[in-house]
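Q: Could you walk me through reading cores and helix packing in a model like this one?

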Amino acid sequence: MTEHPGAPQGGHVLRAVTDGHGRVYQAAGDQIILEYTVQQSEPPAPGTGLGWTSPESVRTPLVAPLSSPLRDRLDVREALLKAIGDPAAAPNGLHVVHGMPGSGKTALAQTVFDEAVAGQGVVGLWVNAADRSSFRSGMLAVAHDRGAAQAEVDAAREGRRPDADLVWHCLERSPEPWLLVLDNADDPSVFRHGAWLRSSSRGIVLITSRLRDAVEWRRAVRHPLDVLDLSYAVDVLRDLAVSAEDTAKLKLLARRLGCHPLALSLAGAYLGRQLLEPVSVDEYLGRLDADPSLLDRGAAPGEQELRRLITGTWQISLDTLTEQGIPEATTLLRLLSCFAAAPLPVGVLAPAGLDATALPHALPPLTGERANLALEQLTAHSLVSLIDASAGAGRAAVRSVQAHPLLLETVASRIPVDQRAPLLESAAGLLRRLLSTDSDRYVDPHTLRLFTPHASALLRHAAAHHAEAATASALAVVRALRDQSYVRGDYATTRTLADEAARVTAGEDCAEALADRHERGRALAALGQFEEAIAVHRATLEAREGLLGHAHPDTLDSAHALGIALYGLGRWAEDERYMRRAAEGRVRVLGATHPDTIDSRGRLAEAIGQQRRWDEARRLAAENLAVSERALGDDHPHTLLSRIALAWVLAGVGAWEEAAVHTRVTLEGSARVLGVEHPRTLAARQRLADVLSRLGQWDEALEAAQTVRAVRQRILGPEHPHTLSVEIVLARILRGTGRSAAARESAARTLDVCVRVLGADHPDTLACRREVEQEDDES
C-alpha cells in the first residue's frame, strides 16, 4: 500500500483512503487498517517508481480477534497441523480452505496459525491476499522477514528483479520451517496465473478463499467449510454471554440462523451487549423475522466493514461478479430467494423458461443465454451449491441448486421494491411451466415432493408482499401439487400444501376458497386426524350449502368427505347418513356410472356392513362392483375400491374363500396401477393378511402384515390409526402361529397407544382390548 506523509508508526495504524488526486482521509484513534482504497482499476505496475510500504506485520494475523474459541473443524485442523508438522511429506504444500462467506475460513486459519506457532515451533507468516497491492507488498515483506536485504526488496518492488522469484528464494532458504497464510484470496488473479503459488520442503501455504474451484487450486489440497454442527453453534452463543437462556432456546436460535458462524457471532454479540434492556432469544427471533438486517447490528463499533456484516459479506461477492461482467448473478440470486432454502431442481432454471418471464427485463437483466454462467459463478463463489437431491428410493437423484437460508433471507429483504413483483411472478411462471403436463420438461410425478417447499415459500412471499398476480400464479401451483400429492397417497405433503392454500384464502367465501378448506379436511382425515377433519368438513359443508346449494357436486363432495372422517372414528350411523346423501345425490347429479358415485356407493356399503346389516351391504357392494367394471374397467382405481369393499363385506359374512379371491385381485391391481406403497395397496395387503389368517394360512398372513406395518411405520409413523390397525391384526396372527409372548407384548403395547390416540371407546381400541384379554385368558 502507498505510504502517506504523516502515517503513524509503532503499531498504531489509521484507516486511510485516498482519492484519485492523492488526498488522504483518515479516521482518528488507534485502529487496525480495515480498508484501503485507491481510486484506480489496478495497483501501480512494478517498476513505476512509487514507494510501497510493507504491512505492519507479517508475523501476526492482522484480522479481528476471535469472538469465540474455535471448537469445531477438528478434522480440517488436524489435517493442516499434520501437514505443517511435516511439510516435506506433503505432495505440494498448498492447501486451500474454501467456503461460503462468513463460514469461518479466516477464523480457522487464525486458529491453526496460533496453534502451529505455539506448538510446532514454526514461523507464522500472514499476508492479506484480498487485492494485488496488499498481496504484493505483504509477500515482499515476507521476503524481507526471511532474510532478503532491503536492496533486494527495493529492486523487486521497482521491477528490477522478479518479485515472486525473490520471495520463494528466501522461503526456500529459511532457516526455520514456516506456515504462510494467504487470507481472503477471493481473486486468484493476484497470484498472476499461479506464479506466486509454489511448493517448498520448508513450509506449507494455506489459502483462505470463497472460491471453490479455481485453476490456481488445481495442485492444492482442498478443505471445504460448511456451517457448524448444532452443538458447536450453541457453544458460540454461550461464549458471547447468551448463557442465561436454556439450551433449547439457544438451539432454536442456532437453527434459525442456519448455524452460520458469522450470523451466530453477530447474534450472540448483540444479545450479550444489551445492558439497559436485556433481550431474550424469543424477542430477538421475533424482531429478526420482522427485520433481517437486525443481525448486522451485532457488529461492534469499528467492525462495520463489509466482511463483518451479514448483508455486506454476500454483497462483496456479488459486487465482484458485477465488476467481472456478470451482473446477472445478482438477479439470479434474487430469483432463488423467492423459493425455499431447499434443493431446487435446476430444471426450474431452464433457459427457455427464463426467457419467457420478465427476467430479461429485470435490473440487471437475466437471460437464458447468460443464466448458466451466472449459476456457475455463484457456485464458484460459494454462494450456492449444486447437489444431487434424493428423489426417493430406487429413483435417480435430481440435480439441484441450494443456498443457505440466511443468504436467501437477507437477499430477499434487499430486493428493490420495483423489482419484487416481477421476480415473484417470474418464479411462479417457472414453476408452472415445469410442472405443467403440457410442458416438454414435465416432471416425473414421483419427484414432485422436491417442489413442495418451493411452491409453499413462493406463495408465502407473494402473499406477504401483496403481489396479486404472483399470488394467483403461486396458488395455482400449490393447488396442483396438493391434488397430485393426494392422488399419489403422499398425505404429509398434501397436508403441507393444503395448509398453505387454505391460509391464503382464509376468510374468502368463494367456491375456490371453500375447495381449499375441503382439501385441507381430506388431508387431515388421511393422516388420521379425524376430529379436526370432521370440524373442517362440517363447516365447509354448511358454507357450500349456503353458497352453492344442497345438490351441487361440491356440496356432495363435502358430505362424502365428512362420512369418511366419521368412519375413521367408528361413528358408523353418522357415516351412513352423510355417505347415503352423497351417493344418492351423485346418482341424481352425476349419474350412476360416474366414478364419484361409485366411490360413495362402495363406502356406503362399508358403513352399512359395520352396523351388521350384512345382506344389505353385500347386495349394494356387489351391484356397485358390477357397475364399475362395466363403466370403468377392471383396473380403474374406483373399480379397485369397489372390489375391496365387496371383499370386506364378504369377510364380514364369513365367505372367506370368496373374499380372498377379490382381495388378491385388488392387491395385484393396486400394486400395478398405484404402486406397492400406495395407501390403498397397503390397505388391500392388510385385508389379505386378515383373510388369510382366517383361512389358517399363517405364514403368508404374517408376511403380509409385517410388510404393511414396516411401510406404515416409516411413512405414517408408529401412532397413526392405520398403523395401529395393522398392529392389531399382527398381534392376532402372532397368537395364531403360537408366538404367544410376542403377541401379548404387541397387543398390550398397541392398546396403550390406541387408548391415547383413538380413545377408550374407538372400535380399534375395543378390538385391541379383546386381543389382550384373549391372551390373558389363554395364559
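Q: Which residues touch the most other members of the largest nonpolar core?

A: A nonpolar core is a set of buried Ala, Val, Leu, Ile, Met, Phe, Trp, Tyr and Cys residues joined through side-chain atoms within 4.5 Å, where buried means under 20% relative accessible area with a 1.4 Å probe, protein chains only. Here the largest core has 88 residues, and Tyr284, Leu295 and Leu335 touch the most other members. Helix α15 (residues 417–435) gives the largest share, eight residues. Apart from this core lies another of 37 residues, including Val123 and Ala214.

This is a predicted model, so local features need pLDDT of at least 70 and side-chain atom pairs 80 or more, while totals for chains, interfaces and linings use all residues. Residues are numbered from 1 along each chain as its sequence is written, and side-chain values use heavy atoms, without hydrogens and water.

Q: What does Tyr284 touch?

A: Leaving out residues up to four places away in sequence, Tyr284 touches Leu253, Ala267, Tyr270, Leu271, Val279, Leu294 and Leu295; contact means heavy atoms within 4.5 Å.

Q: How many residues of helix α11 are buried?

A: Helices are DSSP runs (H or I, at least four residues), numbered from the N terminus. In α11 (residues 328–336), nine of the nine residues are buried, so this helix is largely enclosed by the rest of the structure. Among them are Glu328, Arg334 and Leu335.

Q: At what angle do α19 and α21 pack?

A: Angles run from 0 to 180 degrees between N-to-C directions, with axes fitted to C-alpha atoms over the stretch in contact. Helices α19 (residues 511–526) and α21 (residues 553–568) pack at about 20°, axes 10 Å apart. They are therefore roughly parallel, a label for angles under 35 degrees.

Definitions and conventions:
Helix = DSSP H or I, 4+ residues; strand = E, 2+ residues; numbered from the N terminus. Parallel < 35°, antiparallel > 145°, perpendicular 65-115°, else oblique. Buried < 20%, exposed > 50% of the residue type's maximum accessible area, 1.4 Å probe, protein only.
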